[in-house]
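Keep the structure in view as you read.

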Amino acid sequence: MKILITGGFGNLGSRLAEYFYKKNYKITILSNSDDRKLPGIKYNFIKADIAKSEELNASITERFDCCIHTASLNDYFIDGYAEKALMVNALGTRNIIKALLDKNVKRFVYFSTFHVYGVSEGSIDENTPLSPKNDYATTHLFGEYYVNQFWQTHRFPYTILRLTNCYGAPRYPNSTKWYLALNDMSRSAVEKEEIVLNSNGLGCRDFIWIGDICSIVDGLLSSDKATGETFNVASGRTYKIIDIANIVKIAYEERYGRKINIKTNEADHTVYTESLHVSNKKLKSVVNFEIHDKVYDEVNNIFDIMEQSRHSL
């Protein structure tokens with residue numbers, strides 16, 4: 001089985017590559033950067049920018065059984081993000097589909113985001129109205145529209161996954177994903193000996209472990225019921241941000257034997273009237289999977305990476 005993973009050196013893409021390599025898939029990674037490696041696994045590599053249609057078409061010359069599309073621009077804080085995200089997240093998704101149209105791909109898995117719903121509290125399922133509130137969400141929704149467009153015109157076999165908050169230690173010390181909540185808190189604990197939150201800590205999020213995401217994707221690729229469908233990929237469990245911060249605090253204090261404090265943003269007076277619940281009921285009707293709570297373990301994995309980085313300096 002030959003599988004193409006776009007963004008295969010990224011936080012999620014690299015974990016998917018490792019997972020499917022262990023299941024004896026033949027892995028090809030597509031990325032616009034060749035300055036990273038995935039040790040311990042064998043894979044082919046295609047260097048291409050998905051925002052450049054001609055370059056992409058020229059680079060993809062072989063047939064793949066499936067493609068998992070994780071390549072996206074999610075670093076919302078960079079200059080010119082709106083335009084860049086439109087080119088990568090929206091048009092880039094269209095470009096990769098076009099490049100694969102004549103390759104007889106059996107499944108195209110597109111990682112979108114639950115932020116397309118534009119809500120942070122209450123109950124969310126796949127029928128919740130779509131109302132993105134930022135460029136990150138809007139451009140991913142445009143990506144969904146392109147996926148659906150080619151389903152209508154070419155019956156291009158897709159599965160859209162609206163992912164909540166994926167967590168898992170970065171694979172590289174120089175990862176661009178240190179701004180993600182768990183990564184940021186863990187780094188703050190080590191570098192500042194305190195955990196500094198950008199909010200009052202009362203907001204709720206659904207956190208799902210990256211290992212569970214891999215097994216869910218595996219199950220979806222094996223199911224005909226997933227073709228032409230959109231699913232929330234969620235744990236169904238919610239944490240307040242302050243709860244996650246407390247887990248990081250406990251892990252740090254147990255590991256290093258020093259007490260640290262959690263500092264919330266006192267200027268944030270946001271009031272949350274409801275908890276958040278992102279339903280994974282539709283997903284469970286198609287795939288059998290278990291949800292694992294690995295927050296504490298991944299915090300320690302992040303500490304490991306930071307220690308290794310310091311020792312290598």
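Begin with strand β10, residues 204–209, which contributes most to the lining of the largest cavity, with 3 residues. The model is a predicted one. The structure holds 1 cavity of 30 Å³ or more. About 40 Å³ of space lies in the largest cavity.

Which residues line the largest cavity? They are Y167, F207, I208, W209, S235, R237, Y239, I291, H292 and D293. By class, the lining has 6 nonpolar, 2 polar and 2 charged residues.

Now turn to the sheet around β10. Three strands make up an open sheet, ordered β8-β10-β12, with mixed pairing. Strands β8 (165–167) and β12 (238–240) stand at its edges. Each has a single partner strand, so one side of each is left without a neighbour in the sheet. From one strand to the next, the twist averages 50°.

Strands in a sheet pair through backbone hydrogen bonds, in either a parallel or an antiparallel sense. What is the sense of the pairing between β10 and β12? These two strands run antiparallel, joined by 3 bridges. Look at D206: this residue stands opposite T238 in β12.

Two helices come next. Helix α6, residues 210–221, packs on the sheet and touches β8 and β10. The direction of α6 makes about 65° with that of β10. Helix α7, residues 241–256, lies across β10 and β12. Its run is at about 80° to β12.

Move on to another strand pair. Strand β7 (residues 158–163) pairs with β11 in the parallel sense, over 5 bridges.

Finish in strand β2, residues 26–31, where S31 is found. Is S31 buried or exposed? The relative accessible area of S31 is 11%. Buried means under 20%, so S31 is buried. Leaving aside residues up to four places away in sequence, S31 touches F9, F45, I46, K47 and A48.

Technical notes:
Residues numbered from 1 in each chain as written. Predicted model: local features only at pLDDT ≥ 70, side-chain atom pairs only at ≥ 80, totals over all residues. Heavy atoms only, no water. Helix = DSSP H or I, 4+ residues; strand = E, 2+ residues; numbered from the N terminus. Buried < 20%, exposed > 50% of the residue type's maximum accessible area, 1.4 Å probe, protein only. Contact = heavy atoms within 4.5 Å. 1 Å grid on protein atoms, 1.4 Å probe; cavity = no way out; pocket = protein on both sides within 12 Å on 5 of 7 lines; lining within 4 Å. Points joined across faces, edges and corners; volume = space filled by probe spheres on them. Nonpolar A, V, L, I, M, F, W, Y, C, P; charged D, E, K, R; others polar. Pairing = 2+ DSSP bridges. Axes fitted to C-alpha atoms, helices over the stretch in contact; angles between N-to-C directions.
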